[in-house]
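Here are some notes to read alongside the model, taken point by point. Please keep the structure open and find each element as it is named.

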Amino acid sequence: MTKLESASEEEQVRALAVRARDDPQAFGQLYELFVDRLYGFALRRLGSPAEAQDVTAETFLRALEGIGGFAWRGGGFGAWLFRIARNLCNDALSHRQRLGPLFADAFPAPDSADPEQTAVAGERAAKLRAQIALLPEPQQEAIMLKYLAGLSNRDIALATGRTATAVSSLLNRITSKLRRKLGEGDV
Amino acid sequence: MKEMSEDRRRAGGEDFELTLARAVKAPPADPAFRRELKVRLLGGTEAMTQLRPKRAHRHQAGRVRRRAGVWAAAAAVAVIVFALVVRPGRTPTPPLAEFGPLPRPAAGMAPALGGAGGPGFQFEFTYRLDGPLAAGWPQFPAIATAYRRAPHHVSEGRLAGIAAKLGILRPVVREGWMDGEVLAAEAGPGGPAVRLYPNGYIHYERPYDYRPVPRAQLPPDTWAVQLAREWLTAMQMVPAGELGSGSVGSGDLDNGYLRVTFRPAQPGDLVTFIPFAHVTIGVDETIVGASVIWVAAEAESAYPLRSVAEAWRSVTEGRGVLEWELVEYTGPAGEDNLIAGTASATSVRLAWSLAFGADRVPYFVPVYAFSGEVEVPDKEGTVRLPFQVWASAAAAEHSPQ
């Protein structure tokens, strides 16, 4: 997963988004930067690799169609892209009238050189996954936009129609709640 | 970064945040899917980049500069065209070069940087003729038809008309879309919805129970095509008579639907992927959704063609539009992302490409499309991949080369 947290990386994406209006290669670079995170987000939201691929393809297709009109308005390309993906996921979920199998344990956990550390960390992550799956859907979505997609609070706000302050507050509440559930106490 | 640190402090430290990232981590997209989607997207980029006024203005300048030459060239070929027009029994030839200089068949790119070649790669292709083309050029007509199409019509009235046909009677609303707006009509929360995007793209979806079904529960191919054709015209998404033969493509029995794809009836052979109309059909012949980007027919005009040899020269000089198949390509052998290879063309045909004029009027312009295989080094040795490259077929006086 590529995270674009630093100012320089954000600037890079910004420059690519501007160039992509006239330069297919720039759009291709944006594609490479975002495709796995977008697919992962869709997969976690929908639970089905096939549907996640559909959402990923449709998102990039719409982005390609709209890139000429994309303007930097205080939010990033990522916010715009994930907003499209979010709407598509919501559409798919509303069609199904049910949630997909979020956080299927068949998905591989991150690797580590230390097997013991991997086991402990993996168990903790598994517990956390189970708790996240119990969260209300908007909270799950916020967690995934933050920790899977790597969006800033500002971009999450733009993608979800909230204010950055509300996003920060929401994430604070969620993480505190998850820590309590994991028996690690509040901060 | 400051924001993340603040969140970490509130959440209880970096360790917990890393655990959260570990917990939500998803596997990457399937590599074959990634590559295929990239090819699909970049195949479309050529057409989409021409939607923008900036590039169109460049065409306008070219149009003014070349106008004098157009009339001289038109006079020069008038005798030939006249002979073709008056010959008994022939289909009447449309008026000659009536649209003025034709726009470029694809976005202006650096030499040998085809739009579908892949992002981040640099190309250095040597083009050569092989197979039947090594023995000589096939014959092509002296003139071909160029098609002017109607610009996209995006208005609340248009969407309201489509929505009404779909049974969506709520008023059209404007939704934020990048720095502009998209027009939307929804029957209600979770109900059917249709949207009209600024570039003319129409997207319709209705609630559907996506579940596995046997193929027999979906309509047979021929009936599905007929059903989709009638629906598209009845819903006023595509003018009657403009749809090509249609085909049933990527059906998905696991989710209980099949998809019918149409391309324009005229011209028959389009190298660009726009326009298209997709219709998704579910069980009980239900139209589940549609994605349409179309340009309606408006006028036709005959244009004198340059020789295929001249077009090939444009290609070898890096002024063609390249599209090649990267699905099985593992990437360039070196670290500089330079892909050097030999592209051997074995066939050529007269086809058409979408192009946009200075006034955003879409055209289908004639092109010579060469195809064959390109041999390039990849990380595992050398690989041969299909390619296609096209260049304007219109005579130089009628088209910026």
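1. Strands are DSSP runs of E with at least two residues, helices are runs of H or I with at least four, and both are numbered from the N terminus; two strands pair if DSSP finds at least two bridges between them. One such bridge links B:Arg349 to its partner B:Ala369 in β14(B). Five residues lie between the two strands of this hairpin, and B:Arg360 takes a positive phi near 65° there.

2. Before going further, note that this is a predicted model, in which local features need pLDDT of at least 70 and side-chain atom pairs count only at pLDDT 80 or more, while totals for chains, interfaces and linings use all residues. Residues are numbered from 1 along each chain as its sequence is written, and chains are lettered from A and ligands numbered from 1 in the order in which they are written.

3. On confidence, pLDDT is the predictor's confidence in each residue, from 0 to 100, and its mean over chain B is 76, with 75% of the residues reaching 70 or more. The scores for the model are ipTM 0.79 and pTM 0.53.

4. Chain B has eight helices and 15 strands. Of its 401 residues, 43% count as buried, a residue being buried if 20 or more other C-beta atoms lie within 10 Å of its own, exposed if 12 or fewer, and partly exposed in between, with C-beta atoms placed from the backbone.

5. An open sheet in chain B has eight strands in the order β3-β4-β5-β6-β10-β9-β8-β7, with antiparallel pairing. Because β3 (173–177) and β7 of chain B stand at the edges, each with a single partner strand, one side of each is left without a neighbour in the sheet. Within this sheet, β8(B) and β9(B) pair in the antiparallel sense over five bridges, and B:Val260 stands opposite B:Val279 in β9(B).

6. What does helix α7 of chain B pack against? The buried residues of α7(B) pack against β7 (247–248), β8 (258–262), β9 (276–281) and β10 (287–293) of chain B, and among them are B:Ala224, B:Ala228 and B:Trp231. The helix itself, residues 221–234, reaches 20 Å from its first C-alpha to its last, close to the 20 Å expected at 1.5 Å a residue, where the expected span is 1.5 Å times one less than the number of residues. Just after α7(B), B:Gln236 takes a positive phi of about 60°.

7. The largest nonpolar core has 90 residues, and B:Ile281 is one of those with the most contacts inside it; such a core is a set of buried Ala, Val, Leu, Ile, Met, Phe, Trp, Tyr and Cys residues joined through C-beta atoms within 7 Å. Leaving aside neighbours within four places in sequence, B:Ile281 is in contact with residues including B:Ala224, B:Ala228 and B:Val260, two residues being in contact if their C-beta atoms, placed from the backbone, lie within 7 Å. A second, separate core of 60 residues includes A:Leu16, A:Leu43, A:Leu145 and A:Leu148.
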